[in-house]
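Biologist: I would like a close look at one part of this model. Keep it brisk, please.

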Amino acid sequence: MITVTPSTSTSSTDAKKELTLTAKKWFFSPAKLTVDKGDKIILTVLPNNLDFTFVIPDLNVEKEIKGKTTIEFTASHSGSFDYSCSTCEDYRGMVGTLVVQ
């Protein structure tokens, strides 16, 4: 389930997006998130009996997830960026995509 709540700001560079990401062994839901360049992202990660390190390497995002965790960052440049569990084995495929338009 994804919840997107844009701010009331008229400038897209000042927009806030609140997103919710569920993490289960071994996948994220949703597997794709879409935001606008310049948005301030408030991402709430809801793990289901899983502690891990959430990363978006190309945006310098890294956060230990232990229970409900909020991560804040700015979508500073356009493109498609993988988010993943950096503490999981690669073959498990716990990866999603953040699209910044």
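Biologist: Take the pairing of S1 with strand S2. How many bridges join them, and do the two run parallel or antiparallel?

Modeller: First, the ground rules. This is a predicted model, with residues numbered from 1 along each chain as its sequence is written. Local features need pLDDT of at least 70, side-chain atom pairs count only at pLDDT 80 or more, totals for chains, interfaces and linings use all residues, and side-chain values use heavy atoms, with hydrogens and water left out.

Now your pair. Three bridges join S1 to S2 (residues 27–29), and the two run antiparallel. Strands here are DSSP runs of E, at least two residues long, numbered from the N terminus. Two of them pair if DSSP finds at least two bridges between them. Ala-23 has Phe-28 in S2 as its bridge partner. S1 and S2 form a hairpin, with two residues between them.

S1 also pairs with S4. S1 covers residues 16–24 and S4 covers residues 40–47. Eight bridges join them, and this pair runs parallel. Lys-17 stands opposite Ile-41 in S4. Strands of a sheet pair through backbone hydrogen bonds, in either of these two directions.

Other strands build an open sheet. Five strands take part, in the order S3-S9-S8-S5-S6, and the pairing is mixed. Strand S3 (32–35) and strand S6 (61–65) stand at the edges; each has a single partner strand, so one side of each lacks a neighbour in the sheet. Neighbouring strands of this sheet are turned by 20 degrees against each other on average, direction ignored. The axes are lines fitted to C-alpha atoms, and angles run from 0 to 180 degrees between N-to-C directions. S6 is joined to strand S5 (residues 52–56) by five bridges, and these two run antiparallel. Val-55 stands opposite Glu-62 in S6.

Next, the disulfide. The structure holds one (a pair of cysteine sulfur atoms within 2.5 Å). Cys-85 and Cys-88 form it, with their sulfur atoms 2.1 Å apart. The link of Cys-85 and Cys-88 is right-handed, with 80 degrees about the S-S bond. Both cysteines are buried. Buried means under 20% relative accessible area, exposed over 50%, partly exposed in between (1.4 Å probe, protein chains only).

Last, confidence. The mean pLDDT (the predictor's confidence in each residue, from 0 to 100) is 87. A pLDDT of 70 or more is reached by 85% of the residues. Over residues 1–12 the pLDDT is below 50. Beyond near neighbours in sequence, that stretch has 24 contacts in the model (heavy atoms within 4.5 Å). Where pLDDT is low, the predicted coordinates should not be read in detail.

Notes
Helix = DSSP H or I, 4+ residues; strand = E, 2+ residues; numbered from the N terminus.
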